[in-house]
Amino acid sequence: MKSSMKSSAILGSIGLLFVLAIGHAQAQSLQAAVCDPQGEGEGAQWLAPCERAASQGNGHAALMVGALYWNGDGVAKDHAAAARWFEMADLAGESRAAKMLGDEAFGRLVKARKPEDTDRAVLDVAIGWYEKALEVEPVPEAKAEAQQSLAMLSSFKQKLSAR
């Protein structure tokens, strides 16, 4: 009798763990589906559900909201807002956010009229994000772009330091 109760308790615990694991996987899958714009021009319809999912810690959703603002898809183009969402995505563990943050900082650098007008703090930020992207970026093409941008910015930083 004791042995039967013990095995029932063990099987019950295993069953509960199984249900919890499946429920977590399904919840993650649902969260991704809640924020998965498929085509250009769909941003307005996806913005609210993506923002809700992002505010609940979904890194993919935060990345998508950032992309909507970056591209101006259904919202006014706003790179500063995009960067805030990319940072949220990075904090939530979304590995693709680092390159996007590097690109955003790189974009701010390009606005300098002359090399000596370059904001060196922003240069360091861009370099830092690209270095992180090389470590965590899962998409080979994006990783290659990060490598190119990092090489270009590192060379530029050396030239600025030599002046």
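1. The structure holds one aromatic pair. The rings of Trp70 and Phe86 have centres 6.3 Å apart and planes at 50 degrees, so the pair is tilted. The pair links distant parts of the chain, with Trp70 in helix H3 and Phe86 in helix H4, 16 residues apart. For such pairs, rings of Phe, Tyr and Trp (its six-membered ring) must have their centres within 6.5 Å; planes under 30 degrees apart count as stacked, over 60 as edge-to-face and the rest as tilted. Trp70 and Phe86 are both buried. Buried here means under 20% relative accessible area, exposed means over 50%, and partly exposed lies in between (1.4 Å probe, protein chains only).

2. A remark on the basis of this note: the model is predicted, local features need pLDDT of at least 70, side-chain atom pairs count only at pLDDT 80 or more, and totals for chains, interfaces and linings use all residues. Residues are numbered from 1 along each chain as its sequence is written, and side-chain values use heavy atoms, with hydrogens and water left out.

3. Helix H4 covers residues 79-91. Helices (H or I, at least four residues) and strands (E, at least two) are DSSP runs, numbered from the N terminus. At 1.5 Å a residue, the 13 residues of H4 should span 18 Å, and the end C-alpha atoms are 18 Å apart, which agrees. The expected span is 1.5 Å times one less than the number of residues.

4. Asp78 caps the N-terminal end of H4, with a side-chain oxygen 3.1 Å from the backbone nitrogen of Ala80. A polar contact is a pair of N or O atoms within 3.5 Å; within protein, one must be able to donate a hydrogen and the other to accept it, and residues adjacent in sequence count only if both atoms are side-chain atoms. H4 is followed by Gly93, whose phi is positive, near 90 degrees.

5. The buried residues in H4 are Ala81, Ala82, Ala83, Trp85, Phe86, Ala89 and Asp90. Their packing partners are helix H2 (43-55), helix H3 (59-71), helix H5 (97-110) and helix H6 (120-136). Contact means heavy atoms within 4.5 Å.

6. Six salt bridges are present in the structure. A salt bridge is a side-chain nitrogen of Lys or Arg within 4 Å of a carboxyl oxygen of Asp or Glu. One of them joins the side chains of Asp90 and Lys132 (2.7 Å, N to O). This pair links distant parts of the chain, Asp90 being in helix H4 and Lys132 in helix H6, 42 residues apart. Asp90 is buried, with a relative accessible area of 14%, whereas Lys132 is partly exposed, with a relative accessible area of 31%.

7. Lys99 forms a salt bridge with Asp103, and the closest N and O atoms are 2.5 Å apart. Both residues lie in helix H5, four residues apart, about one turn of the helix. Lys99 counts as buried at 8% relative accessibility, while Asp103 counts as partly exposed at 21%.

8. The side chains of Lys99 and Glu145 also meet in a salt bridge (3.0 Å, N to O). Lys99 lies in helix H5 and Glu145 in helix H7, so the pair ties together parts that are 46 residues apart in sequence. Glu145 counts as partly exposed at 40% relative accessibility. Through shared partners, salt bridges join Lys99, Asp103 and Glu145 into one network.

9. Glu137 is found in the loop between H6 and H7. Glu137 is buried yet has no salt bridge, and the nearest side chain of opposite charge, Arg96, is 5.9 Å away. In this count Lys and Arg are positive and Asp and Glu negative; His and the chain ends are not counted. A polar atom of the Glu137 side chain lies 3.0 Å from the backbone nitrogen of Val139. Leaving aside neighbours within four places in sequence, Glu137 is in contact with Ser95, Arg96, Lys99, Ala142 and Lys143.

10. Helix H7 (residues 140-162) includes Gln147. H7 has 23 residues and reaches 33 Å from its first C-alpha to its last, close to the 33 Å expected at 1.5 Å a residue. The buried residues of H7 are Ala142, Ala146, Ser149, Leu150, Leu153 and Leu160, and these pack against H5 and H6. Gln147 is partly exposed, with a relative accessible area of 41%. The C-alpha atoms of Gln147 and Lys99 are separated by 9.9 Å, although the residues are 48 apart along the chain.
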